[in-house]
Amino acid sequence: MTSITNSYTELTLSMNSTTSTLRIEIRSIRWPALQLLALGFSLSLAACSSLPTAGPRTSQIHDEYQPDAATHPFELVNVTANAVEVLKHQPPPSLAARFGDNEAAPEIMIGQGDGVTVTIWEVGSDPLFAAVPAIAQQMPTVNASRGSIIPEQIVGNDGCITIPFAGRIPVAGHTTVEVQAAIEQALAGKAQKPQVLVNLTRNASNTVTVMGEVTNGARVPLSTYGERLLDVLAGGVKAPSYEIQVQLTRGDSTVTVPLPQVLGDPSEDIRLRPRDNLVIMRQPETFTVFGAAGRNSQINFDAARVSLTEAVAKSGGLTDSRADPRGVFVFRYEPKHVAENLGPLPAQLGDDAVVPVVYQLDFTKAGNYFLAQNFALHDHDILYVANAPATELEKFLNLIGLVTSPLINGAVVDSSLK
């Protein structure tokens, strides 16, 4: 306060000179104001490291990657033509690759719980099986043969059915032709030249279980036609095809693929096998957007395929006032066999581990838009757009203004009142 008092005293003594008076007034107010301004700068600089931001800057991602270090916390890959080609030639999960596909239809085996009828024909006037149903009498006969039908039997837990005069005949795990031969052999010497026809009337064991987002979930019986995957889905699904995942379990193996992959690739429409389990799941593929994009949220693909350019467009594009077009990143976990073809792997990875990979694309180069068009997003990818360096400066200057403006105004008012 002494300096201000002295300034006003000096001001009073210099009233005869307007120029001197103005000069002295500026000096008397400027000095404390600059002290307050310096205080504001100090507070702003202290807070600079904690400025609000949506995520790391491009330089911070590169610093965390530690390009000169022997090991890396993640793999940083520039999206180049070579990287796009590497990713293109990495096959997705495949039903055909895992289970194969035999062009021949599977042979139907009788199993426990199946229903079986047996028709037996004999030659001669005194057949062992005397009962002749009307339906058998209408069937063509040879050499005055006579046929008898044994009513439907359910294959028991022991895998057998009962044939009069032959006892328990094993049928489970055998074809109808094999069972026919077994019955004929069991009746040899008892019936007169028996001829046997075995018919599978209730197919309970040769089925595929279909469940989930289907119009009619059921156990679908297979035939010698050799039903394929799309045959059992002919009743339709309850969601758009691009939202549907097909999960096939056969034995101890399970593979999940998008339905559009089956629709677009005939080799994926494989023949089904008895006891296959088919689960149709509605799982819309999504990606998440953070940073200096027009829209930060989780976004559905709403299509069978979404490229990086389409993903940027779906997220509202790059924000002109904030985005660093050189810092467009895609965060993804890649299988180890894919990541090792893209660059040096991070340390401490197991044999079956997935690798954290960060893809970077520079949108200031026109040619990179073509690369982005060929770079397909995967389900659960993270799209991140870094802030431009100038954005941080703008925030810093705004913060300085917020801190120092009231201090300077207060200094001016305080000085003018004294």
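Predicted model: local features only at pLDDT ≥ 70, side-chain atom pairs only at ≥ 80, totals over all residues.
**Surface.** I started with the accessible area: the protein chain exposes about 22700 Å². I also looked up which atoms supply that surface, and carbon and sulfur account for 55% of it.

**Burial and fold.** Of the 418 residues in the protein chain, 39% are buried. For secondary structure I have 13 helices and 16 strands down for the chain. Then I checked sequence separation in the contacts: taking those between residues at least 6 apart in sequence, 69% join residues at least 24 apart.

**Aromatic rings.** How many aromatic pairs are there? I got six. One of them is Phe363 with Tyr369, which is edge-to-face. Their centres sit 4.8 Å from each other, with 80 degrees between the planes. I logged both values because a pair of aromatic rings is described by the distance of the centres and the angle of the planes.

Are the two partners buried or exposed? Phe363 has a relative accessible area of 8%, so I put Phe363 down as buried, the cut-off being under 20%.

Phe329, Phe331 and Tyr384 make up one aromatic cluster.

Conventions:
Residues numbered from 1 in each chain as written. Heavy atoms only, no water. Helix = DSSP H or I, 4+ residues; strand = E, 2+ residues; numbered from the N terminus. Buried < 20%, exposed > 50% of the residue type's maximum accessible area, 1.4 Å probe, protein only. Contact = heavy atoms within 4.5 Å. Areas by Shrake-Rupley, 256 points an atom, 1.4 Å probe, with all protein chains shown as cover. Phe/Tyr/Trp six-rings, centres within 6.5 Å; stacked < 30°, edge-to-face > 60°.
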